[in-house]
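The structure is shown below.

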Amino acid sequence: MDLLKRFESLTTAHVADACLRADVPVRTVSLQPVTSWRVAGRVLPVRHVGSVDIYLEAFDSAEAGDVLVVDNGARRDEACVGDMVAEEAKAAGLTGLVIWGLHRDTVDIRAVGLPVYSLGALPTGPLRLDPQAPDALEYAVVGDWTVTRADVVLGDEDGVIFIPADRAEELLDLATSIQATERRQAELIRSGTSLRRQVGFDAYLAARKERPSLTFREHLRGVGGAIEE
């Protein structure tokens, strides 16, 4: 499956809603795109310890289409990725970088032409060199989530989301269905049919009086609405 092609007409919000509907953990993180390009690919995890050699080691085992996911513990005192790492990643066939930390060389990174997401920029590179754990290339921690090569990462203007690789096709199909429903709803609003009317909001309020435990999400599932997921 060409993940980027499947994802190009969707958003991370659609995929997050699909995860919620499919009872898959919604693993989203607020990261900013350094470039204007979306990212989609299998996770290539790295836990950064202060030196660029760990990236070179990771690239040796990379496959075309992978996305380097860097765990730098959300540190704000150093940038852990610069333009040379982006250049080498591109040459190794990677399709993007996702950094739980800071980057530098913003102008040069943009010139590389590879999607990059991070928490922000800082001129200073690492001033430390910590011991490298034996499993430093086996997983990365990004926000509250631990990700491995069994995961896929998708990123757009809203941030990034991680999904299980073995459920990616199912979740993207569901996201496409949710998107189609939302587009129909938006078109109806523009043509004069309010969202409240579309989803039978009056009926929901009446039903909730009879059954206070009824949630709007339950009601939406019953009438085929998308909105919340």
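## Packing of helix 2 with helix 6

In this predicted model, helix 2 and helix 6 cross in a right-handed sense. Helix 2 spans residues 12-21 and helix 6 spans residues 168-190; their axes lie 8 Å apart and meet at an angle of about 110°. Because angles of 65 to 115 degrees count as roughly perpendicular, helix 2 is described as roughly perpendicular to helix 6.

On the side of helix 2, the contact is formed by His14, Val15, Asp17, Ala18, Cys19 and Arg21. Helix 6 contributes Leu171, Leu172, Leu174, Ala175, Ile178, Gln179 and Glu182. Sorted by class, the contact between these two helices comprises eight nonpolar, two polar and three charged residues.

## Packing of helix 3 with helix 4

Two packed helices are described by the angle between their axes and by the distance between the axes. For helix 3 (residues 53-60) and helix 4, the axes come within 10 Å and cross at roughly 5°. Helix 3 and helix 4 are therefore roughly parallel to each other.

Tyr55, Leu56 and Phe59 of helix 3 make the contact with Val85, Glu88 and Ala89 of helix 4. Five residues of this contact are nonpolar and one is charged, with no polar residue.

## The largest pocket

A probe the size of a water molecule, rolled over the atoms, shows where empty space is left. The largest pocket holds about 170 Å³ of space. Its lining consists of 15 residues, of which Val52, Cys80, Gly82, Val85 and Arg104 are the closest to the pocket centre.

Strand 5 (79-81) and helix 4 (83-91) each provide at least two of the lining residues. By class, the lining has eight nonpolar, five polar and two charged residues.

Key
Residues are numbered from 1 along each chain as its sequence is written. This is a predicted model: local features need pLDDT of at least 70, side-chain atom pairs count only at pLDDT 80 or more; totals for chains, interfaces and linings use all residues. Side-chain values use heavy atoms; hydrogens and water are left out. Axes are lines fitted to C-alpha atoms, for helices over the stretch in contact, and angles run from 0 to 180 degrees between N-to-C directions. Helices (H or I, at least four residues) and strands (E, at least two) are DSSP runs, numbered from the N terminus. Angles under 35 degrees count as roughly parallel, over 145 as roughly antiparallel, 65 to 115 as roughly perpendicular and the rest as oblique. A crossing is left-handed if the near helix is turned anticlockwise from the far one by less than a right angle, and right-handed if clockwise. Contact means heavy atoms within 4.5 Å. Ala, Val, Leu, Ile, Met, Phe, Trp, Tyr, Cys and Pro count as nonpolar, Asp, Glu, Lys and Arg as charged, and the others, Gly among them, as polar. On a 1 Å grid over the protein atoms alone, a cavity is a set of points where a 1.4 Å probe fits but cannot get out, and a pocket is an open set with protein on both sides within 12 Å along at least five of seven lines; lining residues have an atom within 4 Å of a point. Grid points are joined across faces, edges and corners, and a volume is the space filled by probe spheres set on the points.
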